Amino acid sequence: MCLGWIIHPIEVNKKMNLRVKWLLCVVLVMISIFSAVNVGNSHISTRQSVKNHLEITGGSQFIKDAVDSLLSEADGTPLEKALDYLRSIQQPDGCISDFATSSWAVMAIAAAGEDPNEWKVDDGPSIVDYLIENRDMLNLSKASDVERFILSMTAADKDPRNINGTNYVEILKGLFHDGQIGTEEWLFDDFWGVLALISAGEAANSTEIQETVNFIKEHQNADGGWGWAVGAGSDVDDTAAAVMALIASGEHSLAEEIQEALEYLKENQQPDGGFPSWGVTNSASDSWAIGAICSVGQNPYEWKVNDTSVMDHLLSLQNEDGSFNWTSSDPPWVNRALMTSYAIVALCQKQYPVNGLSIYLRIEGSESTIWRRTVFVAASIIIDDNGTQHYFTEPTALGALDKASEIGGFNYKVQQTAWGLYLYSVAGEEAAGTKGWLYRVNYIMPWVGADNFILNVTSPPSPPHEELLFYYGEWTYLPLRITADKTEACIGEKITIFVEYFNDTCSEWFPLENATVHFMSGLYSTNAMGYVVVTVYADSLVWAEKEGFVRSDVIEIEAVYTGGGGGRMRPPLLR
């Protein structure tokens, strides 16, 4: 069920581009010239009046096309229109609709790449100011109230541990008891409790998060979904929230609970492409389902029924003014500002908490790989070797390593220096001599320390940031990359492996000769063109190494054989 009243990378450029501005000048001149024509026809839209006049006067096709282009661009993208709608209904005190909706609106604004602290009417208070000034509306004994407020504060780049002297994280942790957060019979406050704590940088392996995650998993229904309370039937909204919470806490997207939940969502997608609540497909359920889909790295445009995706259905519920209906025929009580706030996050293809993101992280030690997995990082609390805490409100490269260490169980050490936090030890391997810990983003070495590199913001390299690599070595070490001509092969079939290295000078990849390729417990060397041919006899991982270079990622090779019936099967002993 949709519990918005309880708690339920796109950057918007506020300035039109030069082409739109030029076309706007053309149309404004036209409007001035043609206005007299339509004095007696005020019901005719500006769009139609301009087009009508062009038809009557035989305006050139170029001008007609220019006008159509401008009017289309002036309408804005669905995201821009949705943001404009929220702006249009903001009140002088900073509020959008009401206190609870304003919290969701802050998350939407931040998800769209705008600063909610700058959202205000004239010189009045911002929407964030409104929330802080009216925080006495919160019921501090109700977990969902505190969770929603924390999520809005972290979205606004605030530390919820000190909002005018009040620590809302500790208040929420104080509502943790008997292995769960909030009311023991409810589940939705556990989903959003995990999301709120993760958004504030709490450790993924903390007692509050880990025990609540276990509580959530224990109460998954047999159909793969979750309901709003223990024993309640599954619904799309709560299942989506549970998936986002589990992913944010560090659960693997291939975990059984996640896969069963995705299957539940897939089975409940309707013929119109949308997701239902209360028996009807609606924008709120669409939006949260999209968040869950994105959290596991899938594309919501590919979630289709009858060739209609969930994104298509969501967009079908947008009105001309940019707002979103709940359903195709809304009852009068629907809060369109709330529906629009949910939809904006979905249009940005983001999950909650909106101040976080997922990134593929690999950590290569001198002798072996320490970590290789996607990790979700939002705010983070980094503790240096003197015990001093450093709070980062945005997802950083160092924050991603911190989250991996909490989930993976390895340690790391940083030291405070004049240039920031210096990472000198990971999993017990410390910097020595000319070797130490370095990092790369999208294989490129950044110009700032890992604590100052904000993912999907800092450059170089330019966003989006898809892969993060920490490694032990020297400044001169260059990363390797390995590919195979096929990752599934019959027993006895040969496959070709290719190894290349990234050249920092020209930012290009080049073949690497004499790289050592590890495959099926054997060692192979690449030729002058970077190739080596190997024979497949069983499932195996393959990777490459060479002195003076950073170990490559691994590729999984699957061995199959053709059974008697002609089907391709894995070897019995390897199933």
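Asp122 lies in the loop between α6 (99-111) and α7 (127-133), helices being DSSP runs of H or I with at least four residues and strands runs of E with at least two, both numbered from the N terminus. Although Asp122 is not a glycine, its phi is positive, at about 55°. Most residues other than glycine have a negative phi, and most peptide bonds are trans. The model is predicted, and local features are described where pLDDT is at least 70, side-chain atom pairs count only at pLDDT 80 or more, and totals for chains, interfaces and linings use all residues. Residues are numbered from 1 along each chain as its sequence is written, and side-chain values use heavy atoms, with hydrogens and water left out.

Two cis peptide bonds are described here. One joins Tyr352 and Pro353, with omega about -5°, and Pro353 is found in the loop between α16 and β7. Another joins Ser459 and Pro460, also with omega about -5°; Pro460 is placed in the loop between β14 and β15.

Helix α5 (residues 78-89) and helix α16 (residues 336-347) have axes that come within 10 Å and cross at roughly 145°. Axes are lines fitted to C-alpha atoms, for helices over the stretch in contact, and angles run from 0 to 180 degrees between N-to-C directions. The crossing of α5 and α16 is left-handed, a term applied if the near helix is turned anticlockwise from the far one by less than a right angle, with right-handed used if clockwise. On the α5 side the contact (heavy atoms within 4.5 Å) is made by Pro78, Leu79, Ala82, Leu83, Tyr85, Leu86 and Ile89. Arg336, Ala337, Thr340, Ser341, Ile344 and Leu347 take part from α16. The contact of α5 with α16 comprises ten nonpolar residues, two polar and one charged. In this division Ala, Val, Leu, Ile, Met, Phe, Trp, Tyr, Cys and Pro count as nonpolar, Asp, Glu, Lys and Arg as charged, and the others, Gly among them, as polar.

An open sheet of four strands has mixed pairing and the order β8-β7-β15-β14, where two strands pair if DSSP finds at least two bridges between them. Since β8 and β14 stand at the edges with a single partner strand each, one side of each is left without a neighbour in the sheet. From one strand to the next the twist averages 20°. Strands β7 (residues 357-364) and β8 (residues 369-377) run antiparallel and are joined by eight bridges; they form a hairpin with four residues between them. Tyr360 has Thr374 in β8 as its bridge partner. β14 and β15 also run antiparallel, with six bridges, and Leu438 stands opposite Tyr471 in β15.

A further open sheet has three strands in the order β11-β12-β13, with antiparallel pairing. Its edges are β11 (412-417) and β13 (429-430), each with a single partner strand, so one side of each is left without a neighbour in the sheet. Two bridges join β12 to β13, and Ser425 stands opposite Glu430 in β13. Helix α17 (residues 397-408) packs on this sheet, touching β11 and β12, and its direction makes about 150° with that of β11.

Strand β18 (residues 494-503) pairs with strand β19 (residues 508-511) in the antiparallel sense over four bridges. Tyr501 has Phe510 in β19 as its bridge partner. In the hairpin of β18 and β19, with four residues between the strands, Ser507 takes a positive phi near 55°.

The second largest pocket holds about 620 Å³ of space. On a 1 Å grid over the protein atoms alone, a pocket is an open set of points where a 1.4 Å probe fits, with protein on both sides within 12 Å along at least five of seven lines, and lining residues have an atom within 4 Å of a point. Points are joined across faces, edges and corners, and a volume is the space filled by probe spheres set on the points. The lining of the second largest pocket has 27 residues, of which Tyr422, Trp437, Leu438, Gly449 and Trp475 lie nearest its centre. At least two lining residues come from each of β12 (420-426), β14 (436-441) and β15 (467-473). The lining divides into 17 nonpolar residues, seven polar and three charged.
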